Amino acid sequence: MMRVKDKVFLALDFETTGLNPEFGDRIIEIAAIPIYNTKINFKYAFHTLVNPSIFIPAEVSKFHKLNNQDISNAPSLLEVFPRFKEYVGDSIIVSHNVKMDLRFLDIAAKESGMFSIDNYYIDTLEISRYYFDKGPYNLEFLSKKFNLGIKQFHRAWDDALSTAKLFQKYIKLFSFEAITNFIKKWGD
C-alpha cells in the first residue's frame, strides 16, 4: 500500500497550441512545482518552453500570450519529454482539470517513443466541485476567492503555482486525509 504522507505531490500545468491533443494540438510550455510535507519547494521545480514543431494559432496566442517566435528556439518535445518523465518519477500529480493534462502527456509519450506515465493524481477541479455547490471553478476565480496571491494566469508557471497553493488551501480547509481520498491512478 502506498504511504501517501511520504510522497511528493507535483502541481503541474501546460500551455498548448489548443485543447485537442488527439487532433494535433501540442504542449508549448511545461511547469511543475513539487509539494512535500504540504510545503512548496521551488528549488526542485521544473519549467520550460517547448517547440511543438507546429504553429500556434493566433486565437490561442491571445489566451496565453505565447507566440511562434517565443518557442522557436525552445527544445523539442523529443528533448523535453524524457527529462520530464524522469523528473515526475512516482510523484502524485496535482492539476486543475488533470485529465486534459494527462491526455497531452499520453500523446507526448507516444510521440517520444516512450511509455506514458501511470502515476496517481489528484484533480483540484474535482475537489472544488465536490466541496462547493456553486462555481465558477476556474483557477483565476478560486485563487482570488482564497487570496492565494497569484496575479497572472494562463501561463504554465502561474497556473502550476496557483494549483499548488490551492492544493495547500484545500488541505487546510478539509484535512490532508480528506483531500487524499481524491487520489486516483491514471490508466486504471
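I take helices as DSSP runs of H or I, at least four residues long, numbered from the N terminus. The model I am reading is predicted.

**Entry 1: helix α4**

I started just past the end of α4. There Gly-113 takes a positive phi of about 70°. Then I checked the helix itself, which covers residues 98-111.

Next I listed the buried residues of α4. They are Val-98, Asp-101, Leu-102, Phe-104, Leu-105, Ile-107, Ala-108 and Ala-109. I recalled that an α-helix has 3.6 residues a turn, so residues three or four places apart point the same way. What do the buried residues of α4 pack against? I found strands β1 (8-16), β2 (27-36), β5 (92-95) and β6 (120-123), along with helix α3 (77-88).

**Entry 2: the cavity**

I looked for cavities of 30 Å³ or more and found one. The largest cavity holds about 30 Å³ of space. Which residues line it? I noted Asp-25, Arg-26, Ile-27, Leu-77, Phe-104, Ile-107 and Ala-108. Helix α4 gives the largest share of this lining, with three residues.

**Entry 3: Thr-48**

I moved on to strand β4 (residues 46-49), where Thr-48 is found. Is Thr-48 buried or exposed? Its relative accessible area is 13%, and buried means under 20%, so Thr-48 is buried. I set aside neighbours within four places in sequence. Thr-48 is then in contact with Ile-28, Glu-29, Ile-30, Pro-75 and Val-80.

Note on methods:
Residues are numbered from 1 along each chain as its sequence is written. This is a predicted model: local features need pLDDT of at least 70, side-chain atom pairs count only at pLDDT 80 or more; totals for chains, interfaces and linings use all residues. Side-chain values use heavy atoms; hydrogens and water are left out. On a 1 Å grid over the protein atoms alone, a cavity is a set of points where a 1.4 Å probe fits but cannot get out, and a pocket is an open set with protein on both sides within 12 Å along at least five of seven lines; lining residues have an atom within 4 Å of a point. Grid points are joined across faces, edges and corners, and a volume is the space filled by probe spheres set on the points. Helices (H or I, at least four residues) and strands (E, at least two) are DSSP runs, numbered from the N terminus. Buried means under 20% relative accessible area, exposed over 50%, partly exposed in between (1.4 Å probe, protein chains only). Contact means heavy atoms within 4.5 Å.
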